[in-house]
Amino acid sequence: MRGYFFIATSALLWGVSAVLGRAVFTGELPISGQALHPIDPIILSQTRTSFALLVLLPILVGRRGWQRIKLPTADLVQCVLLGVLGVAASNYFYYVAIQRSSVAIAIIVQYTAPIWVLLYVVVSGQQKASLRKVAAVLVAVTGIVLTIGIVGATAGAKAGAALHLDSWGFFAALLASFSFAFYNVGAHSVLARYDRWRVLVWTLGSAAAVWLVVNPPWKVIATHYAPAQWGFLFVFSAISVLAPFSLYFLALQYIEPTRAIIASCLEPVFSILLASAVLGEVLRPIQMLGIVLVLAAIVIVQMPGRGEREVSVVVEPME
């Protein structure tokens, strides 16, 4: 039970960070009126990665030096690609989706990543297609259609306005799910050879480096963020990266990864419930059904089949 408690707590923290991000973007969490610009998804993605790295790196290398995180060149290059195309891209598009649509749409669409991973391993010949897998894909796609409000969109103007479909927001969530899937496919072999902290520090490092190119420090300084905003960004990094990942990795000492990944599906549940309670996001019954279908499909995908050796289709959450 201890492992499941750690998983639930990490999922709750990821849910809180999603709601905080949405609240900042919409102005429902005014941090300071002194800044010239509100916090942007790029800044949120950049600082959560950079601050987490600045805290994590000294801890990991402090005792055993750089040998603690050293990687061969080939694996280092792979971690760099995972950091840029996986961590940085997934985080940015996820927060853009939250800003432009809603917490529910952003996280549910992003959480379809296991479905895309499943399609990849089937097409690449690592797994064979089965009725269960095909059903999982169909259930997930149906769930997405219901969640984003395509079906029953005219069933009440007030409810329809509460959870609208923004084209760029949905597309950003879809890109986030593809980036998440890419991370899971690419990280599987690396995590089989090295501990998770070592992989995490290099993926965070490469993500932080690419953000320095995309959004250099002088551009960040030019926004003239207030001290309260910088304080928020540091706290946000702690509750969205350092604390939940620490709890998730700690949980893996007590329960096997497959069970941990399925239990981590609590994250979208917590996120959607918190968004409803704190931000007033309204879900129609048909959209709630869609969310349940997507979560069910994720669990189905990750359940081992009878008499067949499954290739893991998900490594771990990466919010």
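Me: How are α3 and α8 oriented to each other?

Reply: Start with the general idea. Two packed helices are described by the angle between their axes and the distance between the axes. Now the case here, in a predicted model. Helix α3 covers residues 73–100 and helix α8 covers residues 167–191. They pack at an angle of about 155°, with axes 7 Å apart. Angles over 145 degrees count as roughly antiparallel, and α3 and α8 are therefore roughly antiparallel to each other.

Me: What is the handedness of the crossing of α3 and α8?

Reply: The crossing is left-handed. The residues of this contact divide into 20 nonpolar, seven polar and one charged.

Me: Which residues of α6 are buried?

Reply: An α-helix has 3.6 residues a turn, so residues three or four places apart point the same way. In α6, the buried residues are K133, A136, V137, A140, G143, I144, L146 and T147. Helix α6 runs over residues 131–147 and has 17 residues. From first C-alpha to last, α6 reaches 24 Å, close to the 24 Å expected.

Me: How many aromatic pairs are there?

Reply: A pair of aromatic rings is described by the distance of the centres and the angle of the planes. The count here comes to 18 aromatic pairs. One of them joins Y225 and W230. Their centres are 5.7 Å apart, with 65° between the planes, and the pair is edge-to-face.

Me: Are Y225 and W230 buried or partly exposed?

Reply: Y225 counts as buried, at 8% relative accessibility. W230 counts as partly exposed, at 30%.

Me: Which residues do ring pairs link into a cluster?

Reply: The cluster holds W14, W197, F245, Y248 and F249.

How values were computed:
Residues are numbered from 1 along each chain as its sequence is written. This is a predicted model: local features need pLDDT of at least 70, side-chain atom pairs count only at pLDDT 80 or more; totals for chains, interfaces and linings use all residues. Side-chain values use heavy atoms; hydrogens and water are left out. Axes are lines fitted to C-alpha atoms, for helices over the stretch in contact, and angles run from 0 to 180 degrees between N-to-C directions. Helices (H or I, at least four residues) and strands (E, at least two) are DSSP runs, numbered from the N terminus. Angles under 35 degrees count as roughly parallel, over 145 as roughly antiparallel, 65 to 115 as roughly perpendicular and the rest as oblique. A crossing is left-handed if the near helix is turned anticlockwise from the far one by less than a right angle, and right-handed if clockwise. Ala, Val, Leu, Ile, Met, Phe, Trp, Tyr, Cys and Pro count as nonpolar, Asp, Glu, Lys and Arg as charged, and the others, Gly among them, as polar. The expected span of a helix is 1.5 Å times one less than its number of residues. Buried means under 20% relative accessible area, exposed over 50%, partly exposed in between (1.4 Å probe, protein chains only). Rings of Phe, Tyr and Trp (its six-membered ring) pair if their centres lie within 6.5 Å; planes under 30 degrees apart count as stacked, over 60 as edge-to-face and the rest as tilted.
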